[in-house]
Amino acid sequence: MSTCTLCERGEAVFMRPYSGEKLCRRCFHKSIENKVRATISRYEMFQPNDKIMVAVSGGKDSITLLHILSKIEKAFPEATLCAVTVDEGIRSYRDEALKFAVKNCRKLGVEHIVTSFKERYGYKLDELVSMILERSEKELTPCSYCGVLRRRALNTAAREAGVDKLATGHNLDDETQTMILNILHGDALRIARVKPVLAMVHPKLIQRVKPFCMVPEREIAFYAYLKKIEFQGIPCPYARTALRNDIRTMLNRMEKKHAGTKFAIFKSMERVRPALEAMVEEAKLQDCKRCGEPTVGELCKPCQMLEKLSVL
Ligand code: SF4
Ligand code: ZN
Ligand code: ZN
């Protein structure tokens, strides 16, 4: 390529079209780590003595986040870091990913908790999917079950471990895709809920934070590649979110033609969010009459979904 535009010494290995920077290995690594530090401080994600849990799926984003947070955490001796993986029970997919999660946690010396759908709900996702297929109801997709049940499992595992924050690997691409997805679903007010730090609305809910929300996916992938971080690369067999894939392709095309598009969307949403939040009435949470977890209605979403399959 050419010389690094930051240190003006190293050989550039990465070009950032949206800023015009050409970065050498060292400056690239530092820029990503600094971006994460800046995001954490900008959104006040952590306190110096927080117990932080990273949701590690075994994929590129969450494992790279674990590596970076474990590096950053060294400067805060009072903070502690641990990891959690939810084994949904997806044969030859999550079992593989779990191995990568275990390997990386061991390498970094991070305590690793594994929890599963089977132990929490009595069924693996594979088993739930067979029931979903039998019923062939359109709104019952594997991903909708998986997402709702995983969020619950993560929150419960985090609460049981007594952590203060739960960090997830959502990156800039995920966040902008979700924002556009909400608009295309005609649910613009939901954008208020796509944010770097999710509000604490109930003592039983552990605060979720997204330290990668301003890092493009491509840069996380390159960081992982340069650092030789091992992760699972194959997609989930149930991944059929056609609309999200179309949005991803569209945003990547836009980004290629008009560098900085994703950041522009993210920043625009940041600006309108306070107005959107003011329009949305804060939901009053009560205890689910079946499981006791916080919910808006009488029955929480996971209980509703499991009841629909008649497994409760
Ligand atoms: Fe779960 Fe769907 Fe993700 Fe697979 S693609 S892990 S089913 S949410
Ligand atoms: Zn450099
Ligand atoms: Zn419930």
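Me: In this predicted model, is Cys291 buried, partly exposed or exposed?

Reply: Burial is read from relative accessible area, where under 20% is buried and over 50% is exposed. Cys291 has a relative accessible area of 36%, so this residue is partly exposed.

Me: And how does Cys300 count?

Reply: Cys300 counts as buried because its relative accessibility is 1%, and the cut-off is 20%.

Me: Which residues coordinate the zinc ion (ligand 3)?

Reply: A metal site is read from its donor atoms. Here the SG atoms of Cys288, Cys291, Cys300 and Cys303 coordinate the zinc ion (ligand 3), at 2.3 Å. Along the sequence, these donor residues follow the spacing C-x2-C-x8-C-x2-C.

Me: What geometry does the site of the zinc ion (ligand 3) have?

Reply: Four donors count as tetrahedral if all angles lie between 85 and 135 degrees. The angles among the 4 donor atoms of this zinc ion run from 102 to 114 degrees, and the site is tetrahedral.

Me: Turning to the largest nonpolar core, which residues touch the most other members?

Reply: Such a core is a set of buried residues joined through side-chain atoms. This one has 54 residues, and Phe28, Val36, Phe46, Leu66 and Leu69 touch the most other members. Helix H2 (residues 60–73) supplies the largest share, 6 residues. Domain 1 (1–31) and domain 2 (43–280) each contribute at least three residues to this core.

Me: What is Phe28 in contact with, leaving aside its neighbours within four places in sequence?

Reply: Phe28 is then in contact with Phe14, Arg16, Leu23, Glu219, Phe222, Tyr223 and Leu226. A second, separate core has 32 residues, including Cys82, Tyr93, Leu125 and Tyr145.

Key
Residues are numbered from 1 along each chain as its sequence is written. Chains are lettered from A and ligands numbered from 1 in the order in which they are written. This is a predicted model: local features need pLDDT of at least 70, side-chain atom pairs count only at pLDDT 80 or more; totals for chains, interfaces and linings use all residues. Side-chain values use heavy atoms; hydrogens and water are left out. A nonpolar core is a set of buried Ala, Val, Leu, Ile, Met, Phe, Trp, Tyr and Cys residues joined through side-chain atoms within 4.5 Å. Buried means under 20% relative accessible area, exposed over 50%, partly exposed in between (1.4 Å probe, protein chains only). Helices (H or I, at least four residues) and strands (E, at least two) are DSSP runs, numbered from the N terminus. Domain bounds come from an automatic or database domain assignment. Contact means heavy atoms within 4.5 Å. Donors are N, O and S atoms within 2.8 Å of the metal (3.2 Å for Na, K and Ca); water is not among the atoms, so sites may look incomplete. Four donors count as tetrahedral if all angles lie between 85 and 135 degrees; four count as square planar and six as octahedral if opposite donors are over 155 degrees apart and all others between 65 and 115; anything else is irregular.
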